[in-house]
Amino acid sequence: MKTARWIKGLTMAVSLLLGPLQATADPITIFAAASLQGPLDEVAAAWPGAATLSYAGSGTIARQISLGAPADVVMLASPEWMEWLADRGHLVGAPVNVTSNQLVLIGPPGATQFPSVDMENLRARLGDGRLAMGHHQAVPAGVYGAAWLRSISAWEDLRPRLAETENVRAALALVSRGEAPLGLVYASDAQADGTVEVLYSVPPDMHPPILYPAAAVTSQGAAFIDHLMAQRDRFATAGFKSLP
């Protein structure tokens with residue numbers, strides 16, 4: 001009887017000692033597309049361990065990881081860049097799509113809405129200014145924006161009038177500061193910045209699907225992917241689009 005009580009007491013003591021250790025996950029580093037800042041900050045804050053976040057354009061992130069940047073998790077705004085990483089053997093697990101988004105045309109508060117958009121009314125609204133958007137060869141929002149401009153036969157005419165940026169948040173900032181009259185960003189970016197107004201929502205069938213895949217780069221990152229998928233509602237609250 002005394003032995004049984006002693007074993008029970010020892011078991012409880014060990015459980016109390018190990019409890020805080022089990023509740024603390026490994027520290028991780030997450031490289032993520034700039035447009036995810038905000039909701040992903042919240043997801044990382046809910047992680048039971050230390051989490052370091054590094055934001056940039058998806059193409060920049062992919063190249064950094066390929067050169068050995070110390071990421072445990074990567075989340076991009078581009079399935080193509082994620083496939084590029086997978087093909088080079090930089091991922092330890094299959095990517096999963098976490099959320100989606102909507103491409104929108106923004107301007108300053110009070111600007112007139114576009115009932116429809118074509119080359120002529122875009123050019124007229126720009127005047128002597130430029131259309132701010134992510135770089136069309138490296139930044140996913142720029143890739144989607146270029147596809148849309150081609151679909152309305154405006155690409156060749158407007159290409160010299162672009163202000164291309166290293167990520168979508170930089171394009172947002174140009175419009176927010178009044179340095180560009182119009183910008184192409186995600187709906188979630190516009191929601192996060194109260195100094196711009198959505199003037200037109202780009203039809204989603206006029207560009208490739210906007211998807212945000214995430215993947216583990218190291219074994220430590222695999223648990224965070226499960227945590228991330230359980231926290232997907234945070235993205236919908238921030239203006240992203242939910243996936244089935």
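Me: Which helix holds His-227 in this predicted model?
Reply: His-227 lies in helix H10, residues 222–230.

Me: Is His-227 buried or exposed?
Reply: Read the relative accessible area against the cut-off: buried means under 20%. His-227 has 13%, so it counts as buried.

Me: Which residues does His-227 touch, leaving out those up to four places away in sequence?
Reply: Val-43, Ala-46 and Trp-47.

Me: Now the sheet. In what order do the strands of the five-stranded open sheet run?
Reply: The general idea comes first. Strands of a sheet pair through backbone hydrogen bonds, either parallel or antiparallel. Here the order is S2-S1-S3-S10-S4, with mixed pairing. Strand S2 (51–56) and strand S4 (96–100) are the edges; each pairs on one side only. Neighbouring strands are turned by 20 degrees against each other on average, direction ignored.

Me: How many bridges join S3 to S10?
Reply: Three. S3 (residues 73–75) and S10 (residues 211–216) run antiparallel. Val-73 stands opposite Ala-216 in S10. Helix H4 (residues 79–87) packs on the sheet and touches S3 and S10. The direction of H4 makes about 25 degrees with that of S10.

Me: Which residues have the most contacts inside the largest nonpolar core?
Reply: In soluble globular proteins, nonpolar side chains tend to be buried together. The largest core here has 61 residues, and Met-75, Leu-122 and Leu-149 have the most contacts inside it. Beyond neighbours within four places in sequence, Leu-122 is in contact with residues including Phe-114, Trp-148, Leu-149 and Leu-182. Another core, of 14 residues, lies apart from the largest one; Phe-31, Leu-76, Leu-91 and Val-217 are among its members.

Key. Residues numbered from 1 in each chain as written. Predicted model: local features only at pLDDT ≥ 70, side-chain atom pairs only at ≥ 80, totals over all residues. Heavy atoms only, no water. Pairing = 2+ DSSP bridges. Helix = DSSP H or I, 4+ residues; strand = E, 2+ residues; numbered from the N terminus. Axes fitted to C-alpha atoms, helices over the stretch in contact; angles between N-to-C directions. Contact = heavy atoms within 4.5 Å. Core = buried A, V, L, I, M, F, W, Y, C linked by side-chain atoms within 4.5 Å. Buried < 20%, exposed > 50% of the residue type's maximum accessible area, 1.4 Å probe, protein only.
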